[in-house]
Amino acid sequence: MLKSGFAHLADLIDCSLSSRTNLAISAGKSNKIMNGKQSKLKKPKTLGTDSNSQSELTKKEINKFFRVLSQKDPEPKTELEYSNIYTLLVAVVLSAQATDVGVNKATKNLFQRVKSPTDMVNLGESKLIEFIKTIGLYRNKAKNIIALSHRLIEEFDGTVPNNRDDLESLPGVGRKTANVIMNVAFGEPAIAVDTHIFRVSNRTGLAPGKNTLDVERRLESNVPKGYRLHAHHWLILHGRYICKARKPECLTCPISDICRFEGKII
Ligand code: SF4
């Protein structure tokens with residue numbers, strides 16, 4: 001299986017159970033017409049956060065922030081398994097509110113049989129469900145995966161589109177999923193703000209914002225160019241393993257000296 005990207009890809013799409021309890025306002029939905037196609041535009045999520053509205057890191061501190069994280073893990077790898085861009089897309093859709101381990105278990109057999117949208121359509125929804133029924137929301141995910149496979153065949157010659165608008169027009173694909181695909185599959189420095197990135201960005205003062213879109217925009221302007229491609233990987237991993245929602249490990253945190261979090265324990 002080809003592996004690429006970052007360690008826990010599912011975290012881009014998912015929120016940890018503890019952090020999900022912090023969700024304050026659910027995303028709303030609206031529609032807009034883009035490039036002649038109808039595309040979903042989701043209202044940005046406002047997540048509960050240890051807000052740090054009082055201060056923002058300086059440019060010098062931000063450089064140090066990423067220099068330290070990149071030295072610790074120069075080439076972060078994904079644990080989500082896939083064999084091509086289409087199976088990556090399927091895996092990412094499945095990973096919403098599921099773990100990488102759980103998704104990999106289900107896709108291990110699935111991806112031996114299915115490697116393209118045509119394979120998936122031929123498999124059909126009921127058989128797909130048999131492969132993925134251990135994953136949360138599997139019925140809805142199966143429906144979306146079959147529908148997006150049809151769309152890929154009918155509108156994109158069976159390939160995964162390499163732009164965010166077309167990706168977001170696919171069933172079951174939101175902004176975060178599209179950003180993951182743009183980054184991992186197409187090497188775009190897109191940042192998919194999940195609960196970990198949102199928390200770390202606010203706590204540290206890296207990119208404070210009231211909702212995921214605010215933080216995404218702030219990261220786009222604050223993260224130095226040389227660090228943009230892997231920025232979201234480093235932030236997710238830092239949030240997952242060190243700057244945890246309930247018990248941040250500030251004593252062993254490599255950026256504790258520049259972190260602005262008032263509640264840090266050092
Ligand atoms: S010092 Fe603590 S709060 Fe700040 S980034 Fe590190 S773990 Fe998170």
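Predicted model: local features only at pLDDT ≥ 70, side-chain atom pairs only at ≥ 80, totals over all residues.
**Group meeting: helices, loops and a ligand shell**

Let me begin with helix α10, residues 175-184, which is largely enclosed by the rest of the structure because ten of its ten residues are buried, where buried means that 20 or more other C-beta atoms lie within 10 Å of a residue's own, exposed means 12 or fewer, and partly exposed is in between, with C-beta atoms placed from the backbone. Helices here are DSSP runs of H or I with at least four residues, numbered from the N terminus. Among the buried residues of α10 are Arg175, Lys176, Asn179 and Met182.

Residues are numbered from 1 along each chain as its sequence is written.

In the loop between α10 and α11 (195-204) we find Asp194, which counts as buried because it has 27 C-beta neighbours inside 10 Å. Asp194 and Thr212 are 18 residues apart in sequence, and their C-alpha atoms are 7.4 Å apart in space.

Moving on to α11 itself, how do the axes of α11 and α13 cross? The axes of α11 and helix α13 (residues 228-241) come within 8 Å and cross at roughly 85 degrees, the axes being lines fitted to C-alpha atoms over the stretch in contact, with angles running from 0 to 180 degrees between N-to-C directions. The two helices, α11 and α13, are therefore roughly perpendicular to each other, a description that covers angles of 65 to 115 degrees. Residues of α11 including His196 and Arg199 meet residues of α13, among them His232 and Arg240, a contact being C-beta atoms, placed from the backbone, within 7 Å.

Most residues other than glycine have a negative phi. Leu137, although not a glycine, has a positive phi of about 60 degrees; Leu137 belongs to the loop between α7 (125-132) and α8 and counts as partly exposed because it has 14 C-beta neighbours inside 10 Å. Asp157, also not a glycine, has a positive phi of about 55 degrees, lies in the loop between α8 and α9 (164-168), and is exposed, with 9 other C-beta atoms within 10 Å.

Finally, of the 13 residues around the ligand, Cys243, Pro248, Cys250, Cys253 and Cys259 come nearest, a residue counting as near if its C-beta atom, placed from the backbone, lies within 6 Å.

Key: Parallel < 35°, antiparallel > 145°, perpendicular 65-115°, else oblique. Contact = placed C-beta atoms within 7 Å.
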